[in-house]
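Please look through the sequence and the structure shown below before reading on. The report that follows takes up a few parts of the chain in turn.

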Amino acid sequence: MWHTARSLHSLRCFAVSYLFAASAMIGDFLRIAMDPDFASALISALYLAATVFFCAGLYQLYRNRVPWAALTAAAIAVFGAFSLGLYGVRSLTFSAWALNAGIVSLYLGSIFALRSDMREGIHRVLRIVVSVSACLLLVRTAIVFGFGAAMTKANYAGSLAAVTLQLFIAVTALAVAGVLFVMYGMEIVRRLTRTSETDPLTGVLNRRGLENRLSSTIHDGPDGDVGYAVVMADIDRFKKVNDTYGHDAGDVIIRAFADLLGEVARECDCVARWGGEEFFIVISNAESASARLYAETVRARWESLRHDCLGGGTVTASFGVTNWRNGQDLSGVSRQADAALYRAKREGRNRVRVYCSESLPGSFAAVVA
């Protein structure tokens with residue numbers, strides 16, 4: 001998954017974690033062919049590294065910042081306690097408890113620190129699976145060393161403790177991986193959907209995104225409870241900008257205009273790039289008077305902006321406004337807004353014109369800019 005979606009940086013940490021865990025499990029199977037002291041130290045270090053990178057993946061995912069120093073210091077402390085039991089007091093039981101309790105502390109500590117970010121949906125499932133898996137590791141350790149026969153480094157390989165650890169890690173690794181696949185799959189689908197519905201130059205909706213956002217309204221028209229108004233906006237004499245300053249400057253102007261449209265719009269409104277330098281804005285819970293105020297605000301602010309790409313020059317824009325009546329589809333309301341915009345252009349540009357829906361087709365109420 002990391003190879004497919006490298007922009008999701010937390011995936012890299014989880015991928016490295018699973019690489020270390022897989023290497024540790026392979027080492028556990030080959031333990032019998034290695035020196036017991038070396039095998040214990042190597043495999044324990046690999047499992048600790050897997051834990052550190054998994055916790056790092058959680059922090060990267062939810063906080064976009066990894067406390068590497070704290071995680072590394074904790075891992076070193078755990079490995080020190082493990083080494084003390086293995087090489088100091090020479091107790092396999094002590095070293096196993098030190099290692100497993102330390103690993104569980106790292107997992108639960110990270111989950112606790114991130115609990116406010118893991119409250120809903122698949123994120124809550126991930127929190128529960130990781131927490132339960134960590135707690136079961138302690139239960140497994142208590143059962144094996146509480147009821148099992150005395151073990152040494154020499155007879156650990158192939159013992160009940162080793163076999164149950166391998167089985168436990170395999171099951172929990174698959175459970176956590178399943179949750180991660182679902183979670184990241186959902187995120188990748190969301191990103192693909194957002195990309196397909198967003199204009200790459202400006203970051204606002206494209207026509208497809210607008211249609212999906214307002215699917216019921218577009219096909220059936222607004223209902224009687226929610227009023228909509230539409231603003232069609234077009235940058236004046238944009239071809240001259242391209243011809244004089246180049247297409248790169250033209251792109252800068254389009255992005256700046258889209259930014260201003262989105263800045264003035266409310267969160268419930270929709271701003272879409274209709275094509276070229278033309279934009280389509282749907283103002284919800286509003287009539288043409290509110291949409292006209294929106295258009296006038298944008299027009300005045302846009303007129304006063306100076307652009308470095310134009311040598312400090314300014315650009316104006318024209319606007320057409322109309323109500324979106326009950327039962328009216330998107331093509332009908334867009335024709336009305338476009339007609340009002342055309343009148344604004346014809347009467348001198350840099351102004352707002354409102355389509356008068358109460359009058360006969362082709363009639364307008366002029367708002368002098």
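I143 has its place in helix 5, which covers residues 121–147. This is a predicted model, and every value in this report should be read with that in mind. With a relative accessible area of 48%, I143 counts as partly exposed, because that class takes in what lies between under 20%, called buried, and over 50%, called exposed.

## Two pairs of helices

Two packed helices are described by the angle between their axes and the distance between the axes. For helix 2 (residues 36–63) and helix 3 (residues 68–88), the axes come within 10 Å and cross at roughly 160 degrees. Angles over 145 degrees count as roughly antiparallel, and helix 2 and helix 3 are therefore roughly antiparallel to each other. The crossing of helix 2 and helix 3 is right-handed.

The axes of helix 10 (residues 247–264) and helix 11 (residues 288–304) also come within 10 Å, and they cross at roughly 140 degrees. Helix 10 and helix 11 are therefore oblique to each other, and helix 10 passes helix 11 in a right-handed crossing.

Along the chain L92 and F82 are 10 residues apart, while their C-alpha atoms are separated by 9.1 Å.

## Salt bridges

How many salt bridges does a search of the whole structure find? The search finds 13. One of them is formed by R273 and D199, whose closest N and O atoms are 3.3 Å apart. This pair links distant parts of the chain, since R273 is in strand 2 (residues 270–275) and D199 is in the loop between helix 6 (160–196) and helix 7 (207–213), 74 residues apart. R273 is buried, with a relative accessible area of 17%, and D199 counts as buried at 10% relative accessibility.

K345 and D234 form another salt bridge, in which the closest N and O atoms are 2.6 Å apart. Here too the pair links distant parts of the chain, with K345 in helix 12 and D234 in strand 1 (residues 228–235), 111 residues apart. Both K345 and D234 are buried.

In the salt bridge between R299 and E296 the closest N and O atoms are 3.1 Å apart, and both residues lie in helix 11, 3 residues apart, which is about one turn of the helix. R299 is buried, with a relative accessible area of 10%, and E296 counts as buried at 17% relative accessibility.

## Positive phi values in a loop

Most residues other than glycine have a negative phi. In R349, however, phi is near 65 degrees, a positive value in a residue other than glycine, and N350 has a positive phi of about 50 degrees although it is not a glycine either.

R349 lies in the loop between helix 12 (330–346) and strand 5 (352–355), and N350 lies in the loop between helix 12 and strand 5 as well. Are these residues buried or partly exposed? R349 is partly exposed, with a relative accessible area of 27%, whereas N350 is buried, with a relative accessible area of 16%.

Methods
Residues numbered from 1 in each chain as written. Predicted model: local features only at pLDDT ≥ 70, side-chain atom pairs only at ≥ 80, totals over all residues. Heavy atoms only, no water. Helix = DSSP H or I, 4+ residues; strand = E, 2+ residues; numbered from the N terminus. Buried < 20%, exposed > 50% of the residue type's maximum accessible area, 1.4 Å probe, protein only. Axes fitted to C-alpha atoms, helices over the stretch in contact; angles between N-to-C directions. Parallel < 35°, antiparallel > 145°, perpendicular 65-115°, else oblique. Left-handed = near helix turned anticlockwise from the far one by under 90°. Salt bridge = Lys/Arg side-chain N within 4 Å of Asp/Glu carboxyl O.
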